[in-house]
Amino acid sequence: MGTKQGEVNKHKKSGILYAAVFLVTFLIYTVILILQKAYPFGDKSFLTYDAYVQYKNMFHMLFEWISGGGKGSFIWSMGMGIDAVQESLYYCLSPFNIIVLMLGESRLELSMVLLIIIKSACLPVTALYFFRHTNKKNTENGYSQTVATFIELACGMAYGLSGYVLAYGHNIMWLDGLILLPIVALGIEHLSDGKGWMLYTLSLAASIICNFYFSFYICVFAVIYFLLEKRENVKDFLRRGLSFAGCSVLSALLAGVVLVPAGLVVMRAASSVTDMGLEGTQMWGQFGAYISSFYPLKDLECVSMFSNNSYCGSIVIFAACIFILSDVCDWKTRVKYCIAMALLVLALNYLPLNYVFHGMTITHGLGNRFAFILTFILIVAAYRILMNLGKMRLRYIAVSTAVAGVIFVASLIDSREMSTPLGYVIFMLMLAFAAILCVLCRRGSIKPGVAVCIICGCWIAEIMGNALYVMPGKTEDCLLTDAVRLDQWESVYNSLDTENGTRKSAMVYENYAPYSQTNWYSSMANGNTIRAFSSMGLAHFDNVEYIYSGTTPLTALMYNVRYVLSPENGTYAGYNLVAENDVYNLYEAETPEMMGFMLDDGIVDWKADRTPLENQNDFMKSGCGLSSDVFTEIDISDWSTSYLNQDTLKESVGYCIYRTSNAFVPMTRYEFDAESDMDMYVYSKDSRDHYVEMIVDGDLRVSNGSYVTEQLSHVGLVKKGQHVRITIGGATSSKTGSVGERFVKVYNYNADEFEKAEEKILDSPLECTGFVKNTFYGSVDVKNPGILYIAYPYDDGFKIYVDGEPAEKIRLGKGNMGVQIYAGSHDIEIAYRTPGLMAGALVSLFGICIMLFMLRWDSKQKHVITPLPTP
């Protein structure tokens, strides 16, 4: 009875500790909200970066789907048509999202703030659980349970309030993986110690299901952490390695319902713009700045390739030095830790290795996404040192202090951007204080337990103080609905009458997807849509966002968009300006509504592999029978070029490779006098994001309201002799030293030639007759056989039926869609089914069967009675 009561008391004390670290972290975030007057305590927004725009749109999509009644999983009225299942696989599978559903769409801002705070508060809980159960615990150090608990609390809080979490906490989806990381680590320890495979298998599977993207980094961590575990010999390593590999595969099988359909999306995704190979590309990070990122009070970084948010307490660098140099564990383990740390530090500062650790890609914006791996390993090393502090020899302490001092000096020598000077002071004081305590402890002047408690107390205080100091910088000045001035145009947008598949779109300062049926911002964006937009000159940002902007008279016919509400000028050719004010312009299409049109058979050979306006020429030649170009490139070799806020590494007519030279946006300006009358179009492209501004004789003709990778602009009629000034600026997601590549081309538009193509296009329109769940219904009267172009981008999930019979869909160009059709009246059906979903479900079912078999096998093995040896 006494033993049972002791266990109950032990669990009760553990529960109090877990609740305490959760509540303390929750309170810290709440205080930050109050001090910054962020919602719900003020008008500022705690949601930043992707949480501000991208993630919020996904929850709007989720509500649109689940509240749609008769709607299917394919939402025809959002983002040119999106698969709600695919989007949910990436954004909406966290069990914490029940908070969003409970509070409802009207309280979405509050829901997302709560998600960030609650998930962040769970991080020290799971970390504390890990440190209370890890096999790294030393029970022979003479510490009381209180001292051991203090160490565990300090390490848990260091993980939960680390610089990585503070910087990237707005990536709500990543937090689930970070919560599960300590459990995955504990599962690896159990697997290595022969204590079972279930914890690792299920925790990794849960990580994959919650967010398959971030689980890639969790898998990288799992491999590294498994290799760090102690092995008796090669045979033991191979045996445990096979178990580890098998359990990892089983985790993937269990998550098959997510991995298979998500994998198909990734495979068809549009290519990401990369700086790799560009002359002058920054191959190395700044090591001084990297070292200083371990110091307290450093501003958080999120927008550069080498974003450094390594802080997890000043004591960690000192502890890591002692761990590597001392005999706290066997030399083989220390060598492995040293190699792992060195490899990660190199990967965080060397572009080719950074590319590998990011899954063979260069991230734009949020760099060094795998940095949490090093953070966790460093905290584990610190834990092992604190657990054995009484055994540290004076020479280890002295050498480690010297090494830490050298590292500090290196950060001063190679630091062009010194963080808050007070942070450097705090780091040195903590380093000196910890070294003194270690010496006193070794000399017997102070008990090891007391020294450890003092160090941990200072560590916790520093971690909490750092969070309160740096987090206030992570707020937006206003809520997203205020930023897009929703109250000034919402009623106008809602009053725009569309039917039968006709689309409307709004883009006012930010991509606010609930008020656009064409624009979308998602890591699961249909790659065909982005490629289609890119090849035809419609705006997009890298491979995650597309915006219905930069139209021509041709593209205005292609996607059945009737109305556009936007503050932009000169980016909607083929539309009439019907209203304007200080906030927005309202554009209406010049042509009738249609969901597609007939083209000649030659369109199937259209490659769309040149510049957008050249692709449009080829489209009209192969599909509409034109013999001459509608858009003709103008040779302006004598224009003057000037640069601002950039070092130009390479240049030619309309082209440059640049490096940002300061904190302001890099700009390129082209100026020339028109040699003849023309209807001018300008195509611009930047390997990063950019905006355009074009002025003719002092008259502003073009100004786009968003930063995009590619942009087509309609300057309009320019008379001979008029002075034209083209300004390309941007790279908002870059910092000093970032490299980009920029193109500009100028074209003249031939309206008479286009009218011939327009006559062909308008001859046999596809009319929408309605939607039923995942199926589009339409009809078309065809005069001549050919290819029916359809105003939905190509998607592997589409099946097309002509008069009830299956027909083969055709990819036109880079991502548009069509179907072969013959003369006569035809009924068209386009049905959608999520690719790979059923196959993924079968894979998961197979994984469950394997897991049940293994559980049954384990159960039988436990009941095998070993016979006694014969006397």
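D796 is partly exposed, as its relative accessible area is 41%, where partly exposed denotes values between buried (under 20% relative accessible area) and exposed (over 50%), computed with a 1.4 Å probe on protein chains only. The structure is a predicted model, in which local features need pLDDT of at least 70 and side-chain atom pairs count only at pLDDT 80 or more, whereas totals for chains, interfaces and linings use all residues. Residues are numbered from 1 along each chain as its sequence is written, and side-chain values use heavy atoms, with hydrogens and water left out.

D796 is found in the loop between β23 (786-790) and β24 (798-802); helices (H or I, at least four residues) and strands (E, at least two) are DSSP runs numbered from the N terminus. Leaving aside neighbours within four places in sequence, D796 is in contact with R268, K809 and P835, contact meaning heavy atoms within 4.5 Å. The C-alpha atoms of D796 and F74 are separated by 13 Å, although the two residues are 722 apart along the chain.

The protein as a whole contains 27 helices and 28 strands. Its radius of gyration is 30 Å, which agrees with the value near 29 Å that a compact globule of 871 residues would have; the radius is taken over C-alpha atoms, and the globule rule is 2.2 Å times the number of residues to the power 0.38. The C-alpha trace spans about 95 × 65 × 50 Å along the principal axes. Of the contacts with a separation of 6 or more, 73% are between residues 24 or more positions apart.

Of the 871 residues, 58% count as buried. The accessible surface comes to about 34400 Å², and 59% of this area belongs to carbon and sulfur atoms; areas come from the Shrake-Rupley method with a 1.4 Å probe, and for residues only the protein chains shown count as cover.

In soluble globular proteins, nonpolar side chains tend to be buried together. A nonpolar core is here a set of buried Ala, Val, Leu, Ile, Met, Phe, Trp, Tyr and Cys residues joined through side-chain atoms within 4.5 Å. The largest such core has 230 residues, and those with the most contacts inside it are I151, W459, W489, Y548 and Y559. Helix α17 (residues 371-386) gives the most to this core, with 14 residues. Apart from this core lies another, of 23 residues, among them F74, C768, Y794 and I830. I151, in the largest core, is in contact with Y143, Y383, L386, M387, V452 and C456 when its neighbours within four places in sequence are left aside.

I99 is found in helix α4 (residues 98-103) and counts as buried, because its relative accessibility is 15%. Beyond its neighbours within four places in sequence, I99 is in contact with S111, L114, L115 and I118. For I99 and L114, 15 residues apart along the chain, the C-alpha separation is 8.0 Å.

Some backbone features occur in loops. The peptide bond from Y39 to P40 is cis, with omega near 10 degrees, and P40 is found in the loop between α1 (2-36) and α2 (54-66). K37 lies in the loop between α1 and α2; its phi is near 55 degrees, a positive value in a residue other than glycine. K37 counts as exposed because its relative accessibility is 57%. Phi of R485, also not a glycine, is positive, near 55 degrees. R485 lies in the loop between α21 (480-483) and α22 (490-495) and is partly exposed, with a relative accessible area of 32%.
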